[in-house]
Structure formats: structure tokens, C-alpha cells
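Welcome! Take a moment to look over the molecule below, and then we will walk through it together.

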Amino acid sequence: MARKTPESIFRRCEENPILTARNWPYPANTVFNAGATRVNGEVLLLVRVEDHRGISHLTAARSRDGIHDWAVDPSPTLAPDPIHYPEELYGIEDPRIVWLEEAKEWAVTYTAYSHGGPLIALACTKDFKNFRRIGSIMPPEDKDAALFTRKFKGRWAMIHRPSTAFFHGRVHIWLSFSPDLRHWGDHSILIRSREGGWWDANKIGLSPPPLETRKGWLVLYHGVRQTPSGSIYRLGLALLDIDDPRRVLRRSDEWVFAPTESYERIGDVSDVVFPCGWVMDSPSNRILMYYGAADTSIGVAVADLDEMLDFVLNCCPEPPPEKLKELEVRGR
Ligand code: BMA
């Protein structure tokens with residue numbers, strides 16, 4: 001198979017942006033950064049909706065083909081509940097959805113914007129109507145979290161992105177484990193942000209949940225390049241070992257998706273592509289990747305899974321965990 005150039009792996013849908021605030025059944029400033037899954041043969045997006053106070057909630061939109069004819073819930077599907085969950089004071093944002101086969105329900109990790117900053121919260125649902133909140137599971141500042149669909153040696157695993165202002169402004173992607181989805185530990189760095197001029201220097205984070213494939217867990221992550229005129233959010237790929245997700249097998253040097261279209265380059269926050277969900281279309285072996293465009297609307301881009309795997313398998317191997325440990329000890 002002819003190898004793809006990195007930026008031709010994802011093809012934008014001609015109908016983009018597929019959802020904007022104009023499609024909403026009630027007043028909204030922007031709709032973006034949606035989690036995605038399949039429910040009863042439909043694609044369900046759990047969309048971040050920012051209201052005219054600047055506070056976000058989540059609303060479900062459903063479509064048969066994942067591109068057209070979206071049926072949007074008439075009111076917020078999951079609204080912040082700061083009375084019972086004070087961490088949701090300033091809204092809830094950027095959901096990632098994962099089907100937990102063992103628990104027979106979906107787990108939704110999202111950013112709760114608390115008085116102390118953004119943190120990771122978790123809610124479970126069997127129908128996207130009723131949600132059982134587990135509440136905050138990681139303290140501030142933490143964002144960009146998603147569970148793996150299954151346990152590893154009896155423990156759940158979660159990718160997330162804690163931030164601290166003290167570490168030279170650099171933040172990395174972390175991995176943690178839990179026996180019960182509520183208590184998390186065994187934290188370690190999974191993917192490091194690079195340094196200097198790289199597209200993914202200093203600040204990276206998970207985008208959609210890791211996708212189980214025959215070659216390993218496929219990870220799409222964002223890198224944030226700071227420039228004198230603002231940040232540019234771009235996307236890269238990595239591959240984790242299927243049995244031990246602490247092992248990063250591959251990582252792309254070049255980005256595979258970047259803001260180029262006017263609806264990605266101009267909006268409330270310009271030059272942002274920010275996917276929180278992707279779904280497989282099994283008959284065609286294609287992935288539909290849903291992304292927030294410029295924090296204003298939602299776009300979809302399509303990729304062939306084999307082409308993605310072929311690309312990522314030809315990327316450089318990441319240093320093994322022992323080597324990373326050594327770099328850490330040497331302060332690199
Ligand atoms: C990140 C998150 C996203 C947002 C992005 C660009 O830190 O807060 O919700 O899309 O910034 O503004």
C-alpha cells in the first residue's frame with residue numbers, strides 16, 4: 001500500500017462544519033469539542049455547548065450516518081450541577097466517551113471547571129438520558145482524560161493531562177490506574193511534550209479516547225505551539241502496546257492534522273482543531289473523527305484505519321520506559 005503523507009491521512013467532510021450554534025434548538029454561543037460513540041446504530045455526539053454567559057454544558061446530537069440530519073436534544077442533556085457537585089461551578093467541558101463492556105455502560109470523562117481550576121470528573125450512563133456521577137477523580141489542574149475500554153491486570157486505566165505552573169511551563173500526558181474508577185494511583189508520564197520549536201513542544205494532551213486495534217492502542221493527541229500571535233492546536237499519532245499501555249511503541253514526528261480551513265482558523269479561539277471523539281465505521285474500515293473547530297463549530301474528518309496504522313508503524317519508536325526513567329533521573 002502506498003504510504004500516505006501525514007496530512008493526507010484525514011480527509012475533511014465536504015459538509016463541514018457539520019454542526020454550528022445555528023443548528024441548535026435553543027440559544028447557544030458556540031458548539032464544539034464533542035465526545036462520540038455509537039448507540040443503537042446511530043452516531044451520538046455529546047457536544048460541548050457554551051452559553052451566552054461563557055459557561056458550558058453537554059448536549060446529545062444523534063445522526064444515522066454521522067454527518068447529516070442531526071437530532072439535537074431540545075435542552076441540555078448533562079448540565080453543570082454545582083449545588084451537588086461544587087467542582088462544576090463554571091461549567092463542564094470536553095467529554096470523552098468510552099463503552100465499558102465489563103460494566104455494560106458508557107463512562108464519560110469531562111473537564112469540570114471548579115473554583116480551583118479545571119479538573120477531571122466522571123459520570124456513567126446506560127442511555128445518555130440518566131447519568132450517575134462519580135464526581136471529581138483528579139484534582140486541578142487536569143484535563144483531557146479518557147478511560148481505556150477494558151481493565152489491565154484487574155485495574156482500569158486512564159490517560160490524562162495534569163498541569164503545574166512550576167515545571168518550566170511544560171506539561172505531559174500521564175497514565176493512571178484504579179481498582180474501582182474512583183480512586184486513582186500509580187501515576188506515570190506516558191508521552192512527553194517535546195522542547196524548542198517542535199509542533200508539540202511544551203503542551204500536549206490526549207484528544208479522543210485510545211482506540212483498540214490489532215496493532216495496539218491508537219492514540220491521537222494534540223500539541224500546542226505557542227507563537228507571538230497565539231497558540232496553534234495540531235494533532236499527532238502514537239501507538240501503545242496492546243497489553244501494557246505504559247509502553248509507547250511509536251509516535252509521529254510530524255503532525256497529521258492542523259487548522260487550515262477558514263472555520264478552523266477563525267472563531268472564538270482561532271487556529272484550533274480539537275477532537276474529543278471518533279467512531280469506527282466497520283464495513284468500510286474508516287474512522288470518523290469529530291473535532292471542535294476554532295472553539296466555535298464541529299467538523300468531521302475521515303481516515304482509513306489501515307492507512308493510519310501503516311503510517312504510525314513507520315514512525316520512530318519511542319524510548320522504552322526504562323530509558324524514560326533514566327532521562328527523568330538525569331533531569332532531561
Ligand atoms: C484547551 C481546552 C479546549 C479548547 C482549547 C482551545 O485548553 O480548554 O476546550 O478547545 O483549549 O481553546
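How many helices and strands does the secondary structure of the protein chain come to?

## The overall fold

The protein chain has 3 helices and 22 strands. Here, helices (H or I, at least four residues) and strands (E, at least two) are DSSP runs, numbered from the N terminus. Please keep in mind that this is a predicted model, where local features need pLDDT of at least 70, side-chain atom pairs count only at pLDDT 80 or more, and totals for chains, interfaces and linings use all residues. Residues are numbered from 1 along each chain as its sequence is written, and side-chain values use heavy atoms, with hydrogens and water left out.

Along the principal axes, the C-alpha atoms fill a box of roughly 55 × 45 × 45 Å.

## Around the ligand

Which residues surround the ligand? They are Asn33, Arg48, Asp94, Lys143, Tyr233, Val269, Val272, Phe274 and Asp295, where being near means having a heavy atom within 4 Å. This shell divides into 4 nonpolar, 1 polar and 4 charged residues. In this grouping, Ala, Val, Leu, Ile, Met, Phe, Trp, Tyr, Cys and Pro count as nonpolar, Asp, Glu, Lys and Arg as charged, and the others, Gly among them, as polar.

## Details in the loops

Now for some backbone details. A cis peptide bond, with omega about -10°, joins Asn16 and Pro17; Pro17 is in the loop between β1 (11-12) and β2 (30-39). Another cis bond runs from Pro140 to Glu141, with omega near -15°, and Glu141 is in the loop between β9 (131-138) and β10 (142-147).

Phe128 is not a glycine, yet has a positive phi of about 60°. Phe128 is in the loop between β8 (117-125) and β9.
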